Amino acid sequence: MPTADSAPQADSALKKAMAEQERLRPLVLPQGITARDVHLVAGVDVAYAKDESIVAGAVVVLDAHTRHIVDSASASRPVDFPYVPGLLAFRELPALLDALAALHTRPDAVACDGYGTAHPRRFGLACHLGVVTDLPTFGVAKTAFIGEYEQPGPQRGDRSQLTDHGETIGHVLRTRPGTRPVFVSTGHRIDLDTATQLTLALTADHRLPETTRHADRLSRQVLADRLGHG
DNA sequence: GCGACAG
DNA sequence: ATCTTGTCGC
């Protein structure tokens with residue numbers, strides 16, 4: 001992958017990416033589905049080779065109520081964009097879109113590993129994936145990015161508002177007692193309460209949604225296979 | 001100008 | 001994200 005950090009060429013690529021986000025942002029729909037509309041829910045995640053030369057994307061579809069796997073797909077390819085906070089989608093979307101295209105099922109919603117609307121330009125990975133696929137999406141991030149918040153209560157389900165300049169952009173949600181909370185934000189065609197509701201429905205024994213955990217495991221396996229088999 | 005900064 | 005050793009706990 002091209003590395004020249006401060007090279008004018010790389011600088012131009014970042015500006016084009018930001019312009020792309022500004023162009024697609026207006027296409028995001030703030031609401032659409034409700035939790036009862038979701039029968040099949042997918043989770044997506046990626047894994048990188050240690051030298052960041054290859055990225056493997058995976059998507060796992062679960063029955064929203066039994067949480068059993070009903071479908072899955074993956075794809076791997078060379079990494080062609082650097083990690084830049086705020087531009088994660090340009091680094092991860094290619095592999096995720098390839099994986100989604102290989103799916104035999106059409107999920108009713110997609111849980112992403114990262115942020116949606118709680119983003120510097122209100123267009124994080126979850127929003128981008130949603131607009132491009134026209135699928136309802138939301139983000140569940142493991143660490144803080146932007147905004148301010150108070151620590152939520154200790155019980156599962158306790159939450160606080162993630163705000164930015166007085167605007168609520170997400171929820172800091174306790175999915176399990178004794179563990180750090182997760183950061184939920186809307187992606188596309190869903191509202192924050194529904195995204196939060198789905199996140200809770202997908203978490204029972206662990207901090208992160210089962211969808212994300214399965215996708216994480218699959219992406220690592222796919223990467224290991226590709227690296228191992230040349 | 002300096003620090004912070006999803007995965 | 002990935003690297004990386006042990007350690008505490010269910």
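Predicted model: local features only at pLDDT ≥ 70, side-chain atom pairs only at ≥ 80, totals over all residues.
Which residues line the largest cavity?

**View 1. The largest cavity and its lining residues.** Val55, Arg77, Pro78, Val79, Asp80, Arg91, Glu92, Pro94 and Ala95 form the lining of the largest cavity. The space inside the largest cavity amounts to about 30 Å³. When the whole structure is searched, one cavity of 30 Å³ or more is found.

**View 2. Secondary-structure elements around the largest cavity.** Two or more lining residues are contributed by each of strand E3 (69-78) and helix H2 (88-101). H2 supplies the largest share of the lining, with four residues.

**View 3. Residue classes in the lining of the largest cavity.** Five of the lining residues are nonpolar and four are charged, while no polar residue takes part. Val55 and Arg77 are among the residues of this lining.

**View 4. Protein residues surrounding DNA strand C.** Ala47, Tyr48, Lys50, Lys142 and Arg220 surround DNA strand C. Of the atoms of DNA strand C that come within 4 Å of the protein, 100% belong to sugar and phosphate. The protein surface near DNA strand C comprises three charged and two nonpolar residues, with no polar residue.

**View 5. Lysine 142 and a phosphate oxygen of DNA strand C.** A distance of 3.2 Å separates a polar side-chain atom of lysine 142 from a phosphate oxygen of DNA strand C. Lys142 is one of the residues that surround DNA strand C, a group that also includes Lys50 and Arg220.

Technical notes: Residues numbered from 1 in each chain as written. Chains lettered and ligands numbered in written order. Heavy atoms only, no water. 1 Å grid on protein atoms, 1.4 Å probe; cavity = no way out; pocket = protein on both sides within 12 Å on 5 of 7 lines; lining within 4 Å. Points joined across faces, edges and corners; volume = space filled by probe spheres on them. Nonpolar A, V, L, I, M, F, W, Y, C, P; charged D, E, K, R; others polar. Near = heavy atom within 4 Å. Polar contact = N/O pair within 3.5 Å; in protein donor to acceptor, adjacent residues only side chain to side chain.
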